[in-house]
Amino acid sequence: GHLLRPPPPPPPRGPPPPPPPPLTFDAPMAFRWTKDFDENGILYFLGTNGGIKSWRNPQSLGKVRLFSSPVGFGKLEDLVGNQVVNLRTTNEPDSFFGVDLISRKIVLEGYCLRNRNSTSHVVMTWELQASNDDQVWITLDARDFALPGRSDGHRLRQGGATAYYEIIRRPEQEQVGYRLFRVIQRGKNSSGSFNLVLSGIEFYGLAVEGSFP
């Protein structure tokens, strides 16, 4: 009978690909805004495993941790979701929503906010703050649309509206990477209460530390 040939040996396995070089200030990964809540955002990148998988909520994937003052309605995970929802804090001064990037740090260059599908209780005055220890918070951006004559330029006044806010860094300010970010409401919303109402947030800037995605 015929002799059975032995199967060919498997091809030699080369060494595994080297890990990507660590992110640094000199070699960051850039996330640039082109339109509100686009596919260039950091939270979108984390929710799609670097753009290669279908989007999932980055909180449910364990990529971020969320924190806030007491929540009055909605699910905190919707802060980093992709739907227009009704998420609000209780009626307390200085209410806030925050995102912890855990082991990652970014130099924030801008952020997007999304309003719920309503024209009431719109956030009018807030600060975007950053921290690395949850103790010392640095205000990177402050907006006050409650001032006389300012509300007309407030792009979040419509239901489901979105807006991008650029972080203006003075030339003498050094770049600092942060892992914790929060939006804290200063003053009352458009309906005269202290409930902070948001339906989404996204970050843009330079990833300078940690594993992305």
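**Exercise 1. Work out what share of the contacts between residues at least 6 apart in sequence join residues at least 24 apart.**

Start with the rule: a contact means heavy atoms within 4.5 Å. Now take the contacts in the chain between residues at least 6 apart in sequence: 72% of them join residues at least 24 apart.

Before you go on, a word on the model: it is predicted, so local features need pLDDT of at least 70 and side-chain atom pairs count only at pLDDT 80 or more, while totals for chains, interfaces and linings use all residues. Residues are numbered from 1 along each chain as its sequence is written, and side-chain values use heavy atoms, with hydrogens and water left out.

**Exercise 2. List the elements of the chain in order, then decide whether the chain is spread out or a compact globule.**

Step one: count helices (DSSP runs of H or I, at least four residues) and strands (runs of E, at least two), numbered from the N terminus. You get one helix and twelve strands.

Step two: read from the N terminus, and the order is β-α-β-β-β-β-β-β-β-β-β-β-β.

Step three: the radius of gyration is 22 Å, well over the 17 Å from the globule rule for 213 residues, so the chain is more spread out than a compact globule. This radius is taken over C-alpha atoms, and the rule is 2.2 Å times the number of residues to the power 0.38.

Step four: look at the box that the C-alpha atoms fill along the principal axes, roughly 95 × 45 × 30 Å.

**Exercise 3. Find which residues touch the most other members of the largest nonpolar core.**

First, the terms. Buried means under 20% relative accessible area, exposed over 50%, and partly exposed in between, using a 1.4 Å probe and protein chains only. A nonpolar core is a set of buried Ala, Val, Leu, Ile, Met, Phe, Trp, Tyr and Cys residues joined through side-chain atoms within 4.5 Å.

Next, the answer: the largest core has 39 residues, and V99 and F203 touch the most other members. Elements that each supply at least two residues of this core include α1 (42-47), β5 (96-100) and β12 (200-209).

Then zoom in on F203.

**Exercise 4. Is G98 buried or exposed?**

Find G98 in strand β5. Its relative accessibility is 1%, so G98 counts as buried. Skip its neighbours within four places in sequence, and G98 is in contact with R65, L66, F67, L79, F181 and R182.
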